[in-house]
Amino acid sequence: RCRLFRCPLPTLEHSELRARGRLWNGTFLEEFLDVENLELIVRAVVSVTSPRDNVVIKDAVAQMSLSLHLDPGVAVAGVPWWVVPLAVLLGLLVLALLVLGLWKLGFFRRARAPPPAVPRFRAVRIPQEQR
């Protein structure tokens, strides 16, 4: 995919301009997985928009070709389908064992408050005849 870069240059004191770029392996593995050979063409054009007409640029166009030979064996394939259900089952098993262990240790028991004390009155019993 082509990308356009524009760089404003405040002064042209230097007679040499340099551009650097990086090619990431991930880019080629994601976008060009089924391609074995790839040729990149890098073009640079320098143009000046100035009110002065006395600026002349020699060799304003530069082009470079880069050939890439990709090794399809290096590409990492996706995760096999059986790994995901196995990982989910193992995760649930570990969770169940953790909950069982905490339950056996009494982690989930409620802290029971002692029943409220019933007040006991020490009263004197008056016999029925005296009431």
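Predicted model: local features only at pLDDT ≥ 70, side-chain atom pairs only at ≥ 80, totals over all residues.
Student: What does UniProt call residues 79–103?
Tutor: The UniProt record, an unreviewed entry, annotates residues 79–103 as "transmembrane region".

Student: And which helix has the highest mean pLDDT?
Tutor: That's helix 2, residues 83–104, with a mean pLDDT of 96. Helix 1, residues 25–31, has the lowest mean among the elements of the protein, at 71.

Student: What about the mean pLDDT of the protein?
Tutor: The mean for the protein is 79, and 86% of its residues reach 70 or more.

Student: Which glycine follows helix 2?
Tutor: Glycine 106 does, and its phi is positive, near 85°.

Student: New topic: how many aromatic pairs does a search of the whole structure find?
Tutor: The search finds one aromatic pair. It consists of phenylalanine 107 and phenylalanine 108, whose ring centres are 5.2 Å apart.

Student: Why is that pair edge-to-face?
Tutor: The planes of the two rings stand at 85°, and planes over 60 degrees apart count as edge-to-face.

Student: Are those two phenylalanines buried or exposed?
Tutor: Phenylalanine 107 is exposed, because its relative accessible area is 57%. Phenylalanine 108 counts as partly exposed at 44%.

Student: Let me zoom out. How many helices and strands are there?
Tutor: The protein has two helices and two strands. Along the sequence, they follow the pattern α-β-β-α.

Student: What share of the residues is buried?
Tutor: Of the 131 residues in the protein, 3% are buried.

Student: And what share of contacts between residues at least 6 apart in sequence joins residues at least 24 apart?
Tutor: That share is 55%.

Student: Now glutamine 63. Where does it lie?
Tutor: Glutamine 63 lies in strand 2, which covers residues 61–69. It counts as exposed because its relative accessibility is 52%.

Student: Which residues does it touch?
Tutor: Leaving out residues up to four places away in sequence, glutamine 63 touches Ile41, Val42 and Arg43. With arginine 43, it also has a polar contact of 3.2 Å between the side chains.

Student: Last one: where is asparagine 25, and is it buried or exposed?
Tutor: Asparagine 25 is in helix 1. At 61% relative accessibility, this residue counts as exposed. Asparagine 25 and leucine 70 are 45 residues apart in sequence, and their C-alpha atoms are 9.6 Å apart in space.

Key: Residues numbered from 1 in each chain as written. Heavy atoms only, no water. pLDDT = per-residue confidence, 0-100. Helix = DSSP H or I, 4+ residues; strand = E, 2+ residues; numbered from the N terminus. Buried < 20%, exposed > 50% of the residue type's maximum accessible area, 1.4 Å probe, protein only. Contact = heavy atoms within 4.5 Å. Polar contact = N/O pair within 3.5 Å; in protein donor to acceptor, adjacent residues only side chain to side chain. UniProt positions renumbered as here; feature names shortened; annotations may be inferred. Phe/Tyr/Trp six-rings, centres within 6.5 Å; stacked < 30°, edge-to-face > 60°.
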